[in-house]
Amino acid sequence: MDWETFKNLRGSEKKAFFMRNGRIYHVVMAQQFDRPFLEEICNLTTRIRQIAKSNEGTKFLLGLLQGKRAMLYFTQPSTRTFLSFVSACQILGMQWAEVRDPSISSEMKGESPEDSVRTFSSYFDLIIMRHPEPQFAEKMAFLLNQTPRPVPIINGGSGPDQHPTQALLDIYTIHRSFEDHGGIDEKHIALVGDLKRGRTARSLAYLMKNYRDVKLYFVSPPELRMEEDLKNYLREKGVKFEEHDDLEEIIPLVDVVYMTRIQDEYDKEGESKLIPYERYHFKPEYLKILKPNAIIMHPLPRRDELPVEVDKDRRAVYWRQVRNGMWVRTALIAMIFGVDKKIWDY
Amino acid sequence: MDWETFKNLRGSEKKAFFMRNGRIYHVVMAQQFDRPFLEEICNLTTRIRQIAKSNEGTKFLLGLLQGKRAMLYFTQPSTRTFLSFVSACQILGMQWAEVRDPSISSEMKGESPEDSVRTFSSYFDLIIMRHPEPQFAEKMAFLLNQTPRPVPIINGGSGPDQHPTQALLDIYTIHRSFEDHGGIDEKHIALVGDLKRGRTARSLAYLMKNYRDVKLYFVSPPELRMEEDLKNYLREKGVKFEEHDDLEEIIPLVDVVYMTRIQDEYDKEGESKLIPYERYHFKPEYLKILKPNAIIMHPLPRRDELPVEVDKDRRAVYWRQVRNGMWVRTALIAMIFGVDKKIWDY
Amino acid sequence: MDWETFKNLRGSEKKAFFMRNGRIYHVVMAQQFDRPFLEEICNLTTRIRQIAKSNEGTKFLLGLLQGKRAMLYFTQPSTRTFLSFVSACQILGMQWAEVRDPSISSEMKGESPEDSVRTFSSYFDLIIMRHPEPQFAEKMAFLLNQTPRPVPIINGGSGPDQHPTQALLDIYTIHRSFEDHGGIDEKHIALVGDLKRGRTARSLAYLMKNYRDVKLYFVSPPELRMEEDLKNYLREKGVKFEEHDDLEEIIPLVDVVYMTRIQDEYDKEGESKLIPYERYHFKPEYLKILKPNAIIMHPLPRRDELPVEVDKDRRAVYWRQVRNGMWVRTALIAMIFGVDKKIWDY
């Protein structure tokens with residue numbers, strides 16, 4: 001099969017291709033995660049957090065992937081995703097290196113990204129990448145699978161398209177927040193902001209098909225609505241959703257408010273400036289109409305859409321999300337290398 | 001207390017705030033160091049250097065902070081400070097990561113430096129930072145202390161303001177150089193060059209209040225005099241100082257000549273070019289009029305103010321300063337994490 | 001001896017200067033490698049690869065240079081060389097740091113490269129460097145040898161001049177490819193492309209004096225011929241060579257086709273664009289006229305001179321070259337630090 005054929009397959013048809021020895025290998029799109037996998041990774045994450053509380057546990061984790069080495073290839077700006085992956089590698093005792101600025105790499109001399117990635121695979125045991133081009137990580141996973149020495153690829157964000165590990169940390173945060181309140185099933189979730197170009201909201205929405213009776217509220221300016229392909233996906237999977245353009249009237253109805261910033265880095269000529277985005281800001285007075293057990297999430301970085309004074313409210317969980325990201329990625333890497341059993345046995 | 005109130009407190013009032021469990025925690029300003037602390041860190045530094053001479057000792061040190069991880073957030077250019085902190089972390093077996101170029105981080109997407117630093121604190125056990133804004137490290141230490149999960153902050157240089165770990169390595173170098181000649185007490189020290197904007201001279205001058213009968217000579221062009229706030233501080237603490245603008249006549253009088261380069265990166269419009277800075281160069285013939293037991297220091301990088309041919313003189317100790325910086329920072333991190341007792345017990 | 005005198009010595013006269021305690025110390029030029037050294041490093045490389053196949057072997061290697069630390073100072077773009085050195089350090093358990101962008105280092109503040117390198121030598125046990133200036137690594141090795149605390153330097157590429165570790169990995173790749181066919185002696189080797197400015201071809205050609213009856217074909221546009229100094233070197237050492245400008249007619253005659261890209265980064269004003277470089281592309285139909293046991297090499301990065309469809313041919317060994325680079329550099333560092341005996345004893 002060639003790449004042109006492969007890339008047009010459905011997510012479910014591609015899924016097997018991202019597995020190896022019965023476990024997850026390449027992590028490229030949210031659609032490849034099913035409910036058993038999501039529950040497994042949530043449980044493993046919690047287990048790792050417990051182990052890491054002691055010095056002895058920290059040293060146990062450090063020994064798990066000694067001698068394995070990871071390459072972080074991030075050609076789009078990133079702080080959180082990049083550093084949380086670095087931290088995850090460090091927690092498991094992996095060594096790592098990074099290429100972030102293409103101007104200091106051989107792409108300056110005309111090397112194709114494909115040759116760069118194949119070079120990384122010659123030296124490292126894992127490639128974690130962020131790239132502006134949609135489906136780039138998927139294509140690299142496909143190409144590496146054709147070589148005599150493939151290594152796993154984790155997509156750390158591909159253009160406006162996918163950010164599957166962000167979706168995992170979001171799921172884990174909701175899972176933990178509602179652990180004593182029925183879990184994710186039946187929850188009402190508002191995704192707010194630039195849904196057209198925000199890959200975190202897209203990746204999270206994909207995962208909702210794995211939960212029972214979830215209802216999504218897409219709250220965005222009319223110009224920044226969720227794309228049709230994703231809405232079709234939800235319709236097909238029977239996930240209920242509604243589209244709204246007034247944030248205030250949705251706040252009292254939901255269990256989760258998932259805020260996002262405007263993604264103006266994808267603007268062609270400053271068109272975002274014409275959109276009255278203040279209507280999609282979380283105003284501090286909304287705290288009064290928000291349900292007592294609801295949570296406020298944000299993938300960060302934030303700008304004005306989520307004022308700092310909200311941080312003190314106990315329903316604000318976005319700083320917990322940040323730290324959860326590190327632990328979920330640790331669990332994911334552990335699963336890819338098959339050391340999850342050792343963690344359970346500890 | 002809010003930041004506006006805190007920031008206007010006196011150094012001595014802030015000091016307790018930078019401690020935790022009876023030991024140093026945040027390292028933000030030279031004024032927080034007292035004489036017992038300075039003697040303790042000098043002795044610990046010498047002890048660490050001895051231990052590191054053997055292979056077995058090197059491995060002992062490597063095990064001290066295994067599993068701890070440091071973030072180096074340096075948004076101003078640096079070679080020496082940055083690499084000596086990296087080395088200090090490595091010597092103690094810490095893992096580390098860096099953010100140096102804001103254009104590859106989320107500040108590009110509009111994230112506030114406060115949110116960036118809180119993010120680092122979510123992943124790492126220690127934050128070492130250099131920032132162009134005065135009091136930035138201090139503000140971050142203040143803010144982190146308000147969060148549920150603070151981590152220690154070390155100021156690796158904040159604008160023209162403070163560079164407390166440089167002051168520590170300078171103190172250690174003088175301490176070692178005069179170990180058999182009465183220590184730092186009673187020494188005459190010339191601080192030469194751009195005293196207005198050079199934070200290393202400022203930070204060192206602050207520390208002189210801890211020593212008996214030290215006399216400072218501030219030798220600089222009239223335009224680049226030491227700032228009034230620091231001179232007031234010295235007056236209040238009873239540290240003697242004189243201001244001069246002729247270097248040659250001061251050379252025979254002092255035990256320490258501390259050279260600095262012109263800090264033209266803080267120029268508004270090239271005003272430094274008008275200053276006859278050659279008068280504050282150390283001319284090779286000064287070696288003849290310098291006392292036989294005096295020392296020549298420089299925080300580096302140097303330009304023409306200190307010619308390479310001086311390097312060969314045995315009184316030139318600036319290359320020793322460089323290496324001392326690594327060992328003092330190692331001692332400092334060891335003290336912050338409370339492993340200094342293990343080092344003494346070795 | 002001063003640098004001006006030293007730099008004009010012949011390679012053979014300099015050789016002793018790059019040794020210490022009877023073993024290799026600084027690695028700056030291909031001329032310093034003799035046949036016993038080349039055979040030793042090839043054998044050690046193969047041994048390390050075998051050891052690294054097992055988990056236990058990987059851990060043994062990780063322990064060899066624990067506590068040693070390397071500085072990678074790369075001021076020219078690089079992916080492969082940089083990352084393979086990083087990997088080599090990691091495989092041997094060394095810690096490392098990098099300076100790649102002079103704009104974030106103290107050279108911005110007017111520091112001389114000599115002072116920067118001396119600073120690195122204060123903190124690290126090994127300096128690996130790539131620099132645009134010819135003989136820069138050699139000069140730094142010379143200067144460090146004058147200081148009280150020298151550390152070894154490895155040249156990772158100096159301008160259009162030398163790239164000695166690339167030559168080592170090329171030798172290892174040819175050695176392995178012809179292990180059952182008489183080794184490197186008597187082989188016919190075509191070096192193809194921009195021979196004037198390509199340092200990999202130069203460095204490899206130098207090494208041919210160590211093998212019996214090798215014949216070199218320099219195939220290049222007339223404007224990009226191999227420089228006279230190298231041809232004089234070969235004449236003097238009795239290495240046969242011919243110059244050609246038609247690639248197709250040489251293909252059937254040789255055992256090794258060593259392709260290189262045009263080095264237009266050294267163009268003064270785009271003069272490369274006038275050269276019909278397509279004549280020095282490896283056309284897929286050449287696979288039919290190439291000997292069955294011949295090999296196709298390329299130092300990478302490649303552009304159009306070596307089409308991706310050639311990759312599938314079993315005679316294409318350039319991806320193996322990439323990986324060999326990591327193992328040869330591992331062997332080299334092991335030899336510099338004298339742990340090669342431990343590897344043989346394992």
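**Contacts, sheet and helices**

Modeller: Gln135(A) touches Lys7(A), Ser158(A) and Asp161(A), leaving out residues up to four places away in sequence; two residues are in contact if their C-beta atoms, placed from the backbone, lie within 7 Å. This is a predicted model, in which local features need pLDDT of at least 70 and side-chain atom pairs count only at pLDDT 80 or more, while totals for chains, interfaces and linings use all residues. Residues are numbered from 1 along each chain as its sequence is written, and chains are lettered from A and ligands numbered from 1 in the order in which they are written.

Biologist: Where is the place of Gln135(A)?

Modeller: Gln135(A) is in the loop between strand 5 (126-131) and helix 7 (136-145) of chain A. Helices (H or I, at least four residues) and strands (E, at least two) are DSSP runs, numbered from the N terminus.

Biologist: How exposed is Gln135(A)?

Modeller: Gln135(A) is partly exposed, with 19 other C-beta atoms within 10 Å. A residue is buried if 20 or more other C-beta atoms lie within 10 Å of its own, exposed if 12 or fewer, and partly exposed in between.

Biologist: And Phe142(C), is that buried or exposed?

Modeller: Phe142(C) counts as buried because it has 21 C-beta neighbours inside 10 Å. Phe142(C) lies in helix 7 (residues 136-145) of chain C.

Biologist: Which residues is Phe142(C) in contact with, leaving aside its neighbours within four places in sequence?

Modeller: The contacts of Phe142(C), with those neighbours left aside, are Trp3(C) and Phe6(C). Phe142(C) and Phe18(C) are 124 residues apart in sequence, yet 8.7 Å apart in space, C-alpha to C-alpha.

Biologist: Changing topic: what is the order of the strands in the open sheet of chain C?

Modeller: The five strands of that sheet follow the order 9-8-7-10-11, with parallel pairing. Two strands pair if DSSP finds at least two bridges between them.

Biologist: Which strands stand at the edges?

Modeller: Strand 9 (240-244) and strand 11 (295-297) of chain C do; each has a single partner strand, so one side of each is left without a neighbour in the sheet. Neighbouring strands of this sheet are turned by 20° against each other on average, direction ignored.

Biologist: How many bridges join strand 7 to strand 8 of chain C?

Modeller: Five bridges join strand 7 (residues 188-192) to strand 8 (residues 215-219) of chain C. His188(C) has Lys215(C) as its bridge partner, and Val192(C) has Val219(C). Strand 7 of chain C is mostly covered, with four of its five residues buried.

Biologist: What about helix 3 and helix 13 of chain C; how do their axes cross?

Modeller: The axes of helix 3 (residues 35-51) and helix 13 of chain C come within 8 Å and cross at roughly 110°. Axes are lines fitted to C-alpha atoms, for helices over the stretch in contact, and angles run from 0 to 180 degrees between N-to-C directions. The angle makes helix 3 of chain C roughly perpendicular to helix 13 of chain C; angles under 35 degrees count as roughly parallel, over 145 as roughly antiparallel, 65 to 115 as roughly perpendicular and the rest as oblique.

Biologist: Lastly, how many residues of chain C are in contact with chain A?

Modeller: 23 residues of chain C are in contact with 20 residues of chain A. Helix 5 of chain C gives the largest share of that side of chain C, six residues.
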